[in-house]
Amino acid sequence: MPLIGAATMVLDGRVNRPGWLAASGGRIEACGAGPPPRPADRDFPDCVVVPGFIDMHVHGGGGASYTDADGIAAAARFHLGHGTTTTLASLVTAPPAELIAGVRALAAATRRGTVAGIHLEGPWLSRARCGAHDPTLMRDPDPAEIDAVLAAADGAIRMVTLAPELPGADAAIRRFRDAGVVVALGHTDATYAQTQRAIAAGATVGTHLFNAMPPLHHREPGPALALLQDPGVTVELIADGVHVHPAVVRAVIGAAGPDRVAVITDAVAAAGCADGAFRLGPVPIDVASGVARVRGTSTIAGGTATMDRLFCNLVGTGSDPALEAAVRTTAATPARALGLERVGALRVGADANLVVLDRDLRVGAVMVNGRWVGD
């Protein structure tokens, strides 16, 4: 039963200085504040131990993409090295046959435990707010296609993003909810009222708030305010300083609370790579100065940051409240939004998934199900 001690450990959402935990059978057997009850097997002085990060919206990284069956393991391994112990692999808008093939490949990866499930970002999105998706491939929700996708996934789809203003969206929300799938609203040109109606129908997540939706306006609040106002909605934020200004990130977390904000990378294959040419599904993108854009346009095309960098952005001054909020938005809140019960917090009975960060909040070690990555 490995016993771990650290100068700082966030246990069940609370900062402990110092703290300790013991793992057995892949789960946390015991934990507590103060020095360990016996000499630790691994001691981390001057380090912070936090729950493994949960990224509920990520397309790839390290040069690999989740849209490519041969790249799934490499993309997951890259993000694991940056502390993401639970990954929801995101697929972009694609033709029907390619969508089904991508779902089948990721369903197999889910069964192997490489990823925790699938996030479908498209094809049921707004052409007016297509972002880095190919608008010619977008389509209205079709019951037959939805049933085919769900059958191909065999329970592996955990979340789907759709635009609520599309014809058939209400029925699609109900169908996905009946299948146990979390419904997110995004890439949408919906009005405030349309968004409220979709939330009432069962949508519980806002996909990368502010991005790929109308800006908040005092006479037409649009989807952003509807999503922020509803206490039953979790909003995603890409806290990389590019997609959303840091002041807005702080304001949203302050207004909605860290229990309603899930920080995501929206990372593409370019994450962790030098500037250059890449693809997001069928769409060519170029990365310059670390920012990905659709080739020949100013449209941002996903992220290039990793969860450890976003965590560092959130912690700021390093106060206990800031550290606790960062842990909630990168682990506890996405876990709850996705219905994942054994991850997201370091507590007795939870999976022993954790990240060891040095004094500069750089990843020093990662544990998954009680085993150190790389051992």
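These legends walk through several close-up views of a predicted model. Local features are reported only at pLDDT of at least 70 and side-chain atom pairs only at pLDDT 80 or more, while totals for chains, interfaces and linings use all residues. Residues are numbered from 1 along each chain as its sequence is written, and side-chain values use heavy atoms, with hydrogens and water left out.

**View 1. The largest cavity and its lining.**
Searching the whole structure turns up one cavity of 30 Å³ or more. A cavity here is a set of points, on a 1 Å grid over the protein atoms alone, where a 1.4 Å probe fits but cannot get out. The largest cavity holds about 40 Å³ of space, where volume is the space filled by probe spheres set on the points, and points are joined across faces, edges and corners. Around it sit Pro51, Gly52, Thr85, Thr86, Val343, Gly344, Ala345, Asp351 and Asn353, since lining residues are those with an atom within 4 Å of a point. That lining splits into three nonpolar residues, five polar and one charged. In this scheme Ala, Val, Leu, Ile, Met, Phe, Trp, Tyr, Cys and Pro are nonpolar, Asp, Glu, Lys and Arg are charged, and the others, Gly among them, are polar.

**View 2. Thr85, one of the cavity-lining residues.**
Thr85 belongs to strand β9 (residues 84–91); helices (H or I, at least four residues) and strands (E, at least two) are DSSP runs, numbered from the N terminus. With a relative accessible area of 16%, Thr85 is buried. Buried means under 20% relative accessible area, exposed means over 50%, and partly exposed lies in between (1.4 Å probe, protein chains only). Leaving aside neighbours within four places in sequence, Thr85 is in contact (heavy atoms within 4.5 Å) with Gly52, Phe53, Leu80, Asn353, Val366, Met367 and Val368.

**View 3. Residues listed by UniProt as "binding site".**
An unreviewed UniProt entry gives this feature to Ala132, Asn211, Ala212, Arg219, His243, Ile300, Ala301 and Gly302. They span 171 residues in sequence, and the farthest two C-alpha atoms are 29.5 Å apart, so they do not all gather at one spot. UniProt positions follow the numbering used here, feature names are shortened, and annotations may be inferred rather than shown by experiment.

Ala132 sits in the loop between β10 (117–121) and α3 (143–153) and is buried at 8% relative accessibility. Beyond its neighbours within four places in sequence, Ala132 is in contact with Leu280, Val283, Val294, Thr299, Ile300 and Ala301. Asn211 lies in the loop between β13 (205–206) and α6 (222–229). Asn211 is buried too, at 17% relative accessible area, and touches Ile238, His243 and Val244, not counting residues up to four places away in sequence.

**View 4. The aromatic pair Trp124 and Phe176.**
The whole structure has three aromatic pairs. The ring centres of Trp124 and Phe176 are 5.8 Å apart and their planes meet at 50 degrees, so this pair is tilted. Rings of Phe, Tyr and Trp (its six-membered ring) pair if their centres lie within 6.5 Å; planes under 30 degrees apart are stacked, over 60 edge-to-face, and the rest tilted. The pair links distant parts of the chain, 52 residues apart: Trp124 is in the loop between β10 and α3, Phe176 in helix α4. Both Trp124 and Phe176 are buried.

Technical notes:
On a 1 Å grid over the protein atoms alone, a cavity is a set of points where a 1.4 Å probe fits but cannot get out, and a pocket is an open set with protein on both sides within 12 Å along at least five of seven lines; lining residues have an atom within 4 Å of a point.
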